[in-house]
Amino acid sequence: MKNKQGFFNSRSLFWGLGIGLIVDKVGTSFWISMILGLLMGVITLVFIRSKNKSKIVEVLSGFFFTTISLAILTFMSSTLYLNETPDLILVAVAVLGCAIISSIRSNSWKSLLGILFSVSIFLFLTSQGLLLKEIVPNNILPLFNTKLSSLLYGALVFYLYSVTPLIALNDIEDKKTLIINYISGTLSIILISLLSILVLGVNEVVMYRYPEYGLLKRIKVFEFFSNVDNVFVMIFIFDLLITGASGLKNMNLKSKLSWVTVSILLVFLITYLIEHAILMTAVYYYLPLFLLALLILTLIPKNR
Amino acid sequence: MKKILLFLAVLLLTGCYDYVELDELKIVSSIIIDYQEDEYIVNLEVLNTSKNAKQGSYFVEGKGKTLMGALDDTKKSADFEPYYSHMNIVILSEDMANEKFESIYDCFLRNIEIRKDFYLFITDDIEGFLTFESEPGKSLGDIAKETAIKLIKNNGKYRTCQFREAANNYLRDKDFLLGSINVHDENILLKNSYLFSDSKLVSNVPEEIALMANIKNQKNNYFQVDGNDTYEIHEYKLESGIEKDKIVLNFSGKARVLDVQTGSAITTEDLKTMEKALCEKIEKMFLESIDYSKKIGTDILGFNYEYYQRYPKLVKDDTWKNLKYEVNVDVSISEKGMIMDSVGGIKNEK
């Protein structure tokens, strides 16, 4: 069975972060940026050299992506569902869950990813199908109404948000799997973004922190099942949990002491992050810079 | 060990931290908001869920310097935890609509508990609602929402919109209509439609304008055209063709004859004449609505935003006023009802 980890990794940073930021900068021309970003990603994956990641970069990137993905996950849970539950408890449960998932052995890990991939694709296709009748075609207009600089910035954001976690957390020797995972993951993000704009309109997508959740809220089954959005939110949760677990795997922790130390560090760091709106806002706006730095570090050959 | 830890975590740490028992939830069906002397006064209509209730709902009042402060103030009533997820409508007093309309956007959009698809109404008689007695199992919110939806779909000469729609229009600099609501002899009365421009109440608009706004926004299923003869227009479609210097409206649909006042039989030639007159009448209705919009200087039918969508670099705030408008109507009479000719025609032929 092929390793599907890259599919989840390439999508995880878009939930609550990437889609809103790109649409905010590029408006209804977001699709051009996203396609450009996808092409840039494919070119990078084709030309990337294998075995050039150093140990320190692997640990750093693993810690970084676990922190960011679990921060998004717990912040989302706290905002949308459990706003009275102390953040520390939410984070502790998320870190514990991630640690347990990441300790699964290689074959079981692949099987788990395969099952989650199938469920995720099923939920994705069902949600997209149920939303088709909510589409307002004119919401995508005007098709071309943005400056070239904004378009390129949007493309760079899409590229960084999709490619950086993929390269940093995956085995880059198996390029074919990597590219297939990348294209399937990013295409699904483009489709979700397109549907978000077609259903909600640019203003709502930009206004809400979680436009994807707002989109799922609009799903109705035969006019009487109207609260099915919670089922489809599983798509976000899978992506974020798998990326968090992939980050821990990337750190390759061996001893119990290192596990405990990293887990405690993660719990307190993520809790501190999500308890301060100013920090989460900074993550929203400055994440591209961090990702760019991390991507450069990842691409620098080890022996130089 | 790990499995036990995970099992315990799932059981003990998640989910029910902030639970409220079902019978402790006070389900809010509507909110009535007034603004008097720099203070928000809210009345929450709460569903009466007890078995022996004589009324379907009751009101709880709160006051505050901010809207959220006033909503929070309602909790002072003993044992009161409002639950907003089933809210149907929000009624604003004219004072509130005139002075503080914009304040509803941020607080309602930001709040995760409040749903965004409730209907907005304006009233000039707040007191009438506070003495409204709904039947057991019903509420003011349910009745007003259902009545408004039916009226908009099946009559069209009244227009109001959902909160989400109003917020979107506000963000897009589009004008919109909100309907009036009043209580008369324990009945809900929906009558006027108010025009809001930049979320400021501008004026009350005629029924014909509300109808055109509903048709333009595809909210209406069928509507009547009155004149010498009366028709019901159904299965219709309105498409806007946006060109650089003009907007072309193409309206097509089917008409059902409801009432014919001519004294002659309805021959094939008569039907052609009737169809032509009907098309001209509908064309006139559109053009009069556009003229009315121009006269009061407000883009009620949202042409400027449509123009922006096609020509974003050419659009200015008043572009819609300077465009030419062409209306093409293609309505065919498809049904004549139970009688072949007009009653007057049948009598004359005898």
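Buried means under 20% relative accessible area, exposed over 50%, and partly exposed in between (1.4 Å probe, protein chains only). This is a predicted model, where local features need pLDDT of at least 70, side-chain atom pairs count only at pLDDT 80 or more, and totals for chains, interfaces and linings use all residues. Residues are numbered from 1 along each chain as its sequence is written, chains are lettered from A and ligands numbered from 1 in the order in which they are written, and side-chain values use heavy atoms, without hydrogens and water.

**Stop one: a strand in chain B.** Of its 9 residues, 7 are buried, so β2(B) is largely enclosed by the rest of the structure. Look for B:Ile31, whose bridge partner is B:Leu44. In the hairpin turn, B:Glu37 has a positive phi of about 45°. Then show β3(B), residues 57–64, also antiparallel to β2(B) over 8 bridges, with B:Leu47 opposite B:Ser57.

**Stop two: salt bridges.** Each is a side-chain nitrogen of Lys or Arg within 4 Å of a carboxyl oxygen of Asp or Glu. Pick B:Lys200 and B:Glu102, which meet at 3.2 Å, N to O. B:Lys200 lies in β11(B) and B:Glu102 in the loop between α3 and α4 of chain B, so the pair ties together parts 98 residues apart in sequence. Finish with the network linking B:Arg159, B:Glu165 and B:Lys219.

Note on methods: Helix = DSSP H or I, 4+ residues; strand = E, 2+ residues; numbered from the N terminus. Pairing = 2+ DSSP bridges.
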